Amino acid sequence: MCTDCGCSITDHHHHDHDHSHDHHHSDSASHQAAHDTLHHNPQLNDSKTVAVIKKILDKNDHEAAHNRAHFDKQNVLGINLMSSPGSGKTTLLEHLAPLTDFKFAVVEGDLETNKDAERLHAKGIKAVQIQTGSACHLDAFMVHKGLHDMPLDDLDVCFVENVGNLVCPASYDVGTHLNIVLVSVPEGEDKIAKYPVMFRAADLILFTKVDLLPYFEYDLEKEKEVARKLKPNVDILEVSTKDEDSLKAVVEWINFKRKMR
């Protein structure tokens, strides 16, 4: 079962295979968060359950390292986009496309349908759709499958647009280098405080749909303070698709991270 919400984990990808890569296992933030959850969730206090989930997480981390090796070999920056449903992940990518000076593609995750991938294709963005079925997050095995259909040798950045969910995606390293978490103004205050694991995993928090601030009771500065209490060094940007300069700031952040690699 999933480490956080008790959902089903699809087991089709937990196969044993040997990759000829030298993996250096380290406890990622997501891996550590998942294991912390095991120890604090009363529903998961059975030793056999803990052992099974630990095995799943360890296998996932091994595959995540393999995915990063794919990215590193082609000098591609991998970025995991996470948020609740409707925060604007696909819309952000659509609007970034005309502004970037780098080539990017998307591994798109949803429970069902190809709608988001089709939206991206319509904008000329290469996208590979992963349908997770009952799983409320992407894992490293699913992303690895998508990478086989991705022209990494012709890319600078590969986005993984995770399933809309503020819980489970934070516990699964998918093999990217960076995590961007979106939180939108219409979602209301308190999402950051309620879902701390997700926001502790963020390298960048994007407050989206900020053009709607006049129509909602939303204390943006207070939410920023909550975020920085959880992770003092997290980067934060405000974004509106109606404000091109705010989108350019996201492009600049990504380019800075590319140069720092």
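Q: What should I know about the numbering and the model?
A: Residues count from 1 along each chain as its sequence is written. The model is predicted, so local features need pLDDT of at least 70 and side-chain atom pairs pLDDT 80 or more, while totals for chains, interfaces and linings use all residues, and side-chain values use heavy atoms, leaving out hydrogens and water.

Q: How many salt bridges does a search of the whole structure find?
A: Side chains of opposite charge can pair when their charged atoms come close. Here the search finds 11 salt bridges (a side-chain nitrogen of Lys or Arg within 4 Å of a carboxyl oxygen of Asp or Glu).

Q: Which parts of the chain does the pair of R258 and D156 link?
A: R258 and D156 form a salt bridge, with their closest N and O atoms 3.8 Å apart. This pair links distant parts of the chain, 102 residues apart: R258 sits in helix α9 (residues 244-260), and D156 in the loop between α5 (140-147) and β4 (157-161). Helices (H or I, at least four residues) and strands (E, at least two) are DSSP runs, numbered from the N terminus.

Q: Is K194 buried or exposed?
A: K194 is exposed, at 55% relative accessibility (buried is under 20% relative accessible area, exposed over 50%, partly exposed in between, with a 1.4 Å probe and protein chains only). Its salt-bridge partner, at 3.5 Å from N to O, is D190, which is partly exposed at 29%.

Q: Where do K248 and E244 lie?
A: Both are in helix α9, 4 residues apart, about one turn of the helix.
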